[in-house]
Amino acid sequence: MTAVVVVGAQWGDEGKGKIVDIFTEHADMVVRFGGGPNAGHTLVVGDDKLVVRLIPSGILREQTKCVLAQGMVIDPASLLAELDELAKRGLLRAGRSLAVSDRAHAILPYHVLVDGLREQRPGALGTTKRGVGPCYEDKAARRGVPLGALRDLARAGSLVEHALASWDPAIRALGGEPPTVREVMEKLSALAPRILPLLADTSALVEQAVREGKRVLLEGAQGTLLDVDHGTYPFVTSSHATAGGACTGTGVGPSRIDFVVGLVKAYCTRVGGGPFPTELTDEVGERLRKVGDEYGSVTGRPRRTGWLDLPALRYAVRVNGLDGLALTKLDVLTGIDELKVCVGYRTPSGVTRDFPIDDLDRATPVYESVAGWRDELGAAREISALPEPARRYVERIEKEAGCPIVLLSVGSRRDETIALRDPFLGQVRRR
């Protein structure tokens, strides 16, 4: 297979960093197609932990070309800081290349300012305050600044002036002081010499790679339930986090996609505001948070934790057209004697197995209890090596989702993985 899409099947934070890193072992190119520096991927390299926010985790593979596509919004200063951090750790050596779309939009200081000011007000959405939403607003309002505009700083200055004219009253109404065009352009002018050599027509690069039969991994950000069209609106991100976003975000047609993998945690988490029906606010929820290290990789905020939601997973399988699931953090459930899974919902219209996405505030989860396990899972490399209750839990997820599991993560390290099928090679391992 040539083009494989990887997306989150829940509210994000499903462990995309590790899984994408594993899949890129056989990839020639890995492409990030949406989101911005609000999406952090945690990578474990040996005993070292690294968080990347913009650069695809495939940067750790020497043979893999990394692409930041046009569906993204990119803070130039954050991008360069991340490149510098990778270089400092010795992870950005010769042979590791990065291309950035000249049509991706720039997150600028006024976007970050607006985001932060909004989050201080009652009813805030709980964003990462990185300016992602306001930048997408500018893009939709046709007053954004594509990175390609940095090739002509005079033109970029005109675009910034136009955007600031719209933002000025909003910033002042929020109690802030807007930056001047000169202040913004001084920062951009200093960054431009390092950004310009990275810019390319990435849509053409990705299409050419697919046409030549190279293995291309298209990597999403956040998760299905945060998608601006298919998520728990209005508590969503500003981009398309579902598999369809891979096409619009890269400029590659849907007929080019061969396989779609959905990442799902063995339980659920959510960051920020919004409905979370299976949320646990007791000692079990706190245990999941501590054992699973459930703290935002970008903000450090504690994640909300809860039981696995099977109706939500079936919804993700449907709207993404998932071909396979990668199940992560199964090991975190070790030591809990009784697990629960949400199998349906009670709604004003009755009990349903569907995910009542537009009626979650009036829906109550229906749970079933399943046996837990106490044996550690980290040494397992085949499903048959898992304790029986863990194996039954995995089989239940696969059956209820109606989608095969292609990979199981039983620990944070790269080697703590049960690989059942390689989405590029099509190989199926025995269970």
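Tutor: Buried means under 20% relative accessible area, exposed over 50%, and partly exposed in between (1.4 Å probe, protein chains only). This is a predicted model, where local features need pLDDT of at least 70, side-chain atom pairs count only at pLDDT 80 or more, and totals for chains, interfaces and linings use all residues. Residues are numbered from 1 along each chain as its sequence is written, and side-chain values use heavy atoms, with hydrogens and water left out.

Student: Why does Thr328 count as buried?

Tutor: Thr328 has 2% relative accessibility. The limit is under 20%, so Thr328 counts as buried. Thr328 is found in strand E15, residues 324–328. A strand is a DSSP run of E, at least two residues; a helix is a run of H or I, at least four; both are numbered from the N terminus.

Student: Which residues are in contact with Thr328, leaving aside its neighbours within four places in sequence?

Tutor: They are Glu14, Ile19, Val264, Lys265, Ala266 and Ser409. Contact means heavy atoms within 4.5 Å.

Student: What makes both faces of strand E2 covered?

Tutor: E2 spans residues 29–32. Met29 and Val31 lie on one side, Val30 and Arg32 on the other, and all are buried.

Student: How do you know that E2 and E5 pair?

Tutor: Two strands pair if DSSP finds at least two bridges between them. E2 and E5 (residues 65–68) have four bridges, in the parallel sense. Met29 stands opposite Lys65 in E5. Four bridges also join E2 to E10 (residues 216–219), running parallel. There, Val30 stands opposite Leu217.

Student: What makes a set of residues a nonpolar core?

Tutor: The residues are buried Ala, Val, Leu, Ile, Met, Phe, Trp, Tyr and Cys, joined through side-chain atoms within 4.5 Å. The largest such core here has 59 residues. Leu330, Leu386 and Tyr393 have the most contacts inside it. Helix H11 (residues 388–401) gives the largest share, five residues. Apart from this core lies another, of 56 residues, among them Ile55, Leu164, Met185 and Val261.

Student: What is Leu330 in contact with, leaving aside its neighbours within four places in sequence?

Tutor: Leu330's contacts are Ala266, Trp373, Leu377, Leu386, Tyr393, Val394, Leu408 and Ser409.
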